[in-house]
Amino acid sequence: MPGSDLAPPSGPTDSPRQDGPREGPHEGPVARWFNRRGWSDLITGIPFFWLFFFFLIPFVIVVAMSFATRSPTSPPFSFGLDGGLLDFRSYARLFSDQLYIRALGISLWMAALSTVLCLLIGYPMALALTRLSPSVRTIMLMLVILPFWTSFLLRVYAWMGLMGTNSWFNRGLTALYNMVVPADWALRSIQMMNTNFAVVVVMVYSYLPFMVLPLYANLERLDMTLNEAAEDLGSRPWQVFRDVTLPLSIPGIIAGGLLVFIPVSGELVVPGLVGNPSNPMIGRVISDEFASARDWPMAATVAVALLVLLVGPMMAYSHFENRAQTRREEAP
Amino acid sequence: MKFNRRQTFAALGATLAMPYVRPSWAQAGSVNIYNWADYIGETTLEDFETKTGIKPVYDTYASAEEMQAKMLAGQTGYDVVGHSGLNMPQMIAAGVYQPIDHGRIANWKDMDPDVLAMEAVWDKDNAHGVPYMWGSVGVTYNLDMVKERLPDADLNSLDVIFKPENAAKLADCGISLLDSPTDVIPMALRYLGMDGDTTNVDDYKKVVELLKPIRKSIRTFDNTNYLNAIPNGELCAVNTWSGDYLVARSRAKDAGVDINLAYFVPKTGAPAWVDVLALPSDAKNVENGYAFLNFLMQPEVIAACSDFTGYANASLAATALVKESIRTDPAVYPDATVKSRLWAPKPYNEDQDRAMTRAWTEIKTGG
């Protein structure tokens, strides 16, 4: 009988067909809902409320703002200044002004480069982690997470200290370089700060754990007997990796890749501190439009464009995941 | 069971209501101040509380843009806000600040008329802001590094940075410009012999042309990080605000770095800046706000602020009370020659604002 097992234990046990309230005459529909499935609804509801209030509503505000007009008021935008309620000029500028397309291009390129480097460094790390004895593995995993215990900003500042032209690190590198090259190529110092090189180095350093951890979670679940079977069938270690481990770890690669790619493409702090201002990344452009130019509609427009660009791959990933899930369920 | 739930909800409700209960209680005898970090005397706030019994709550910002965005959004809950004078016109037009009754500030008579005149360019009759600290835009040089590369340079002239052959020589020891179009563009216009307050937006293109050949010699555009980079010897020709050179020097001293810094205001002219204290239109504790302004404008109190921040204050009566090393430093308290080079740039209209932002993006991303 559906519902009967959900009835509160204290409820009356007489005829279930009774139309009146089940728990005394004062119980209304709210109390009945609460007694039946209140907790489960509340618990599943919390994430939805969270997303609704802290993602969906702010996002709707940002989208609305992107159709507003900049004006000397507080807050500095208004609707319907020039007749029409919606102002599409910000979107027109997005495509007509080279700056935005260029900044988006630079951001996506830097993010792609950082993601590939994180993958190349992180994959062997994650694979090695799975092959360690459990006690050593715990220590090594701790070491991967350890940098998170220091403020992110502090670590970026540490890199700034390292790469600066007068640091011991830079001086050492310069001395090494000057020893190798002929005398008239000698340098006073190697310019590392305020270059794209510095941005990629710091990004890869900062986001590496986000690549290693999902990869490790994925690789750890793989069945080692598959490797043995492949070896029994005559595969060499490299072939085992290529034909067995790598294809099975694709979900981990995609998860790690997205965790690195998405935050890096919107990164503001790292390029702001160590980057080259002549190659602005999109985070900086949004912040400048918002703060320096006081053009909130334009900042909102760029933010919406960035979100649309990033949600695309995300949707593709979840589509891919769902399909893989169905395939796995159909397989046996 | 049911009773427990009710208790749970009561507790939950009370917890959720807590944040709303607390501020209304705190607002009874407090004043909420929003200003730059480290931009007040070391004991000013404690002294204020001891003297008046009003509890000051001092919130700080790290960038002018952050503060402006917050003030433009409104509903900040602040009663006294430190604001850059140059940006006051937009704020006044947007109705962010309320007019100030000069009669309620006892020491208004001590205000430096020169500073009041500069502030009045952005705020007619000084109606909305009480001048707090003021200074100039100029260039801080690491003398040893610059002299090694350009022994004969006249540091009073912007030729050192704006001439491509000089800039190329300084590129390896580090040139940085303020990331602030309203400071750099007027200064560059005057260097080119044009009107620094030009309303012809095509003139900004000439500044873009001027900076294009030296763009690759400029390492960065920055307003704050140079305070660490200068003591470390990472930069040698740094476009800064006046007081920052003192901060950089004291940081180098603290770190035990021997460094020879000097600050120059270009002889072709440079913008002056005045920071004001203003009362937001939606301030809740206006009375306490006035009490705070009144307390702060006493000569010995504002002099202690200058001692700590290293900036000149706007009170003439306080000058004699400021530490001698600060009061006699022409970079902080400019002499007549330097004062004649300074001017308060006229406020920008929307067209200029847009054109300037556009030109600035072109300058930064070019090269």
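Colleague: Does B:Lys364 count as buried or exposed?

Modeller: The relative accessibility of B:Lys364 is 9%. Buried means under 20% relative accessible area, exposed over 50% and partly exposed in between, with a 1.4 Å probe and protein chains only. Because its value is 9%, B:Lys364 counts as buried.

Colleague: What should I know about the model, and which pLDDT do side-chain atom pairs need to count?

Modeller: Residues are numbered from 1 along each chain as its sequence is written, while chains are lettered from A and ligands numbered from 1 in the order in which they are written. Side-chain values use heavy atoms, without hydrogens and water, and this is a predicted model, where totals for chains, interfaces and linings use all residues, local features need pLDDT of at least 70, and side-chain atom pairs need pLDDT 80 or more.

Colleague: Which residue forms a salt bridge with B:Lys364?

Modeller: A salt bridge is a side-chain nitrogen of Lys or Arg within 4 Å of a carboxyl oxygen of Asp or Glu. For B:Lys364 the N to O distance is 3.2 Å, and the partner is B:Asp179.

Colleague: How many residues apart are B:Asp179 and B:Lys364?

Modeller: Helices (H or I, at least four residues) and strands (E, at least two) are DSSP runs, numbered from the N terminus. B:Asp179 lies in the loop between β5 (175–177) and α9 (181–191) of chain B, and B:Lys364 in helix α17 of chain B. The pair links distant parts of the chain, 185 residues apart.

Colleague: Which residue of chain A forms a salt bridge with B:Asp179?

Modeller: B:Asp179 itself counts as buried because its relative accessibility is 12%. The closest N and O atoms of the bridge to chain A are 2.6 Å apart, and the partner is A:Arg284.

Colleague: How many salt bridges does the rule find across the interface of chain B and chain A?

Modeller: Over all chains the count comes to 29 salt bridges. Across the interface of chain B and chain A, the number is 9.

Colleague: Which element gives the largest share of the side of chain B that touches chain A?

Modeller: Elements giving two or more residues to that side include α1 (2–26), α3 (64–73) and α17 (350–365) of chain B. The largest share, 8 residues, comes from α17(B).

Colleague: How many residues does the contact take from chain A?

Modeller: Contact means heavy atoms within 4.5 Å. Chain B gives 37 residues, and the number from chain A is 36.

Colleague: About what area do chain B and chain A bury between them?

Modeller: Buried area is the accessible area (1.4 Å probe) that two parts lose on being put together, summed over both. Carbon and sulfur atoms hold 45% of it here, and the total is about 3,000 Å².

Colleague: Which residue does the side chain of A:Ser71 meet in a polar contact?

Modeller: A:Ser71 lies in the loop between β1 (69–70) and β2 (77–78) of chain A, and it counts as buried because its relative accessibility is 5%. A polar contact is a pair of N or O atoms within 3.5 Å; within protein, one must be able to donate a hydrogen and the other to accept it, and residues adjacent in sequence count only if both atoms are side-chain atoms. At 2.6 Å, the side-chain partner of A:Ser71 is A:Ser78.
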